[in-house]
Amino acid sequence: MSGPRTVAVVPAYNEAGAIGEVVDGIRAFDPAFDVVVVDDGSSDETAAVAAARGAAVVSLPFNLGIGGAVQTGFRYALAHGYERAVRLDGDGQHDPAELAKLLPLLERDEADIVTGSRFAPGNGEGGHRPALARRLGIVFFAKLVSLLTRQRVTDTTSGFQALNRRGIELFAHDYPNDYPEVEATVLVHKHRLRLAEVPVAMRDREHGESSITFVRSIYYMLKVTLALLVAMCRKYTLPEDREASA
C-alpha cells in the first residue's frame with residue numbers, strides 16, 4: 001500500500017504484554033506506516049518492548065491520562081509533518097486490518113476524521129461486547145452527542161480513528177484531557193470538521209485490565225455530560241482563524 005505519509009499513534013499505559021503485537025499488526029497492515037508509541041508513564045516494560053519492535057517511543061515522565069497521551073501523539077504527528085494519522089489503543093483491542101475500512105473515506109476526501117464504530121449500522125453481533133454499565137454509557141452519550149451536534153453518532157468512546165492533516169492539527173492544538181473521546185466528538189463539530197463513522201470489529205482484551213469500573217462509569221457519565229454542555233457554549237478558534245492570525 002502507498003499514499004500520504006502516515007503515522008500510527010498508539011497511546012499505552014502498562015501494556016508490555018500487548019504492545020509488541022500491536023506494533024507488529026500495524027506493520028503487517030502497511031509497512032510504510034511509521035509507528036509512535038506514547039508511553040504514558042508506564043511502570044512496566046511498555047517502552048522497551050515498543051522500541052524493540054521498531055516503533056518510535058515518546059516516554060512521558062508521569063501518567064497524564066489518555067487525553068494527554070493522545071494529544072502528545074498528535075503533536076508528534078504535526079511536528080514531523082505527517083499528512084495522515086491513525087490512532088489505535090495499546091491494549092490490542094483494535095485490529096489494524098480494520099483500518100482498511102477507515103482510510104478510503106480520507107482518500108476520497110469525504111471526511112477529516114473517521115471513527116471505527118462497534119455499533120454503526122452494518123456491524124454484526126460478533127466480536128467484543130463491552131460490559132453492561134459501559135454499554136449503557138455508550139448508548140447514552142451516542143444519543144446525547146447526536147442531539148447536540150445534529151449528526152448521528154453511534155460510538156462516542158471509540159479510540160480507533162483515521163485523520164487527515166486538518167484532524168491532526170485540531171487534536172494537536174486542542175484535545176480533552178479526562179475521558180476525552182466523547183468531548184472530542186463535540187470538538188470536531190464545533191471546529192466544523194467532517195466526522196464519519198464506519199462499522200468495525202473490536203477484539204477482547206487479552207492482557208491487563210480496563211481502568212473503567214462501575215463507580216468510574218457513573219462518575220464518567222456525570223462529569224462528561226457537564227463537560228459536553230460547557231463545550232457547546234464555548235467559543236472556539238477555528239482552524240482558518242488561527243491561520244489568518246499567524
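What percentage of the 246 residues of the protein chain count as buried? The share is 51%, where buried means under 20% relative accessible area, exposed means over 50%, and partly exposed lies in between (1.4 Å probe, protein chains only).

The model is predicted, so that local features need pLDDT of at least 70 and side-chain atom pairs count only at pLDDT 80 or more, while totals for chains, interfaces and linings use all residues. Residues are numbered from 1 along each chain as its sequence is written, and side-chain values use heavy atoms, with hydrogens and water left out.

View 1. Helices (H or I, at least four residues) and strands (E, at least two) are DSSP runs, numbered from the N terminus.

**View 2. Helix 4 (residues 99-107) and its buried residues.** Leu 99, Leu 102, Leu 103, Leu 105 and Leu 106 are buried in this helix. Seen down the axis of helix 4, these buried residues fall within an arc of 155°, so they line one face of the helix; the arc is that of the directions from the helix axis to the C-beta atoms. The buried residues of helix 4 pack against helix 1 (19-29), strand 4 (84-87), strand 5 (113-117), strand 6 (161-163) and strand 7 (195-199). Just after helix 4 comes Asp 109, which takes a positive phi of about 55°.

**View 3. Salt bridges, of which the structure holds twelve.** A salt bridge is a side-chain nitrogen of Lys or Arg within 4 Å of a carboxyl oxygen of Asp or Glu. One of them joins the side chains of Asp 24 and Arg 53 (2.3 Å, N to O), and this pair links distant parts of the chain, since Asp 24 lies in helix 1 and Arg 53 in the loop between helix 2 (46-52) and strand 3 (56-59), 29 residues apart. Asp 24 is partly exposed at 37% relative accessibility, and Arg 53 is partly exposed with a relative accessible area of 37%.

**View 4. The salt bridge between Asp 112 and Arg 166.** The side chains of Asp 112 and Arg 166 meet at 3.6 Å, N to O, and the two residues are 54 residues apart, with Asp 112 in the loop between helix 4 and strand 5 and Arg 166 in helix 6 (residues 165-173). Asp 112 is buried at 0% relative accessibility, whereas Arg 166 is partly exposed at 34%. Asp 109, Asp 112, Arg 166 and Arg 194 are linked in a network of salt bridges.

**View 5. The largest nonpolar core, which has 31 residues.** A nonpolar core is a set of buried Ala, Val, Leu, Ile, Met, Phe, Trp, Tyr and Cys residues joined through side-chain atoms within 4.5 Å. Val 7, Phe 74, Phe 171 and Leu 228 have the most contacts inside this largest core, and helix 7 (180-190) is among the elements that each supply at least two of its residues. Helix 7 gives the most, with five residues.

Note on methods. Contact = heavy atoms within 4.5 Å.
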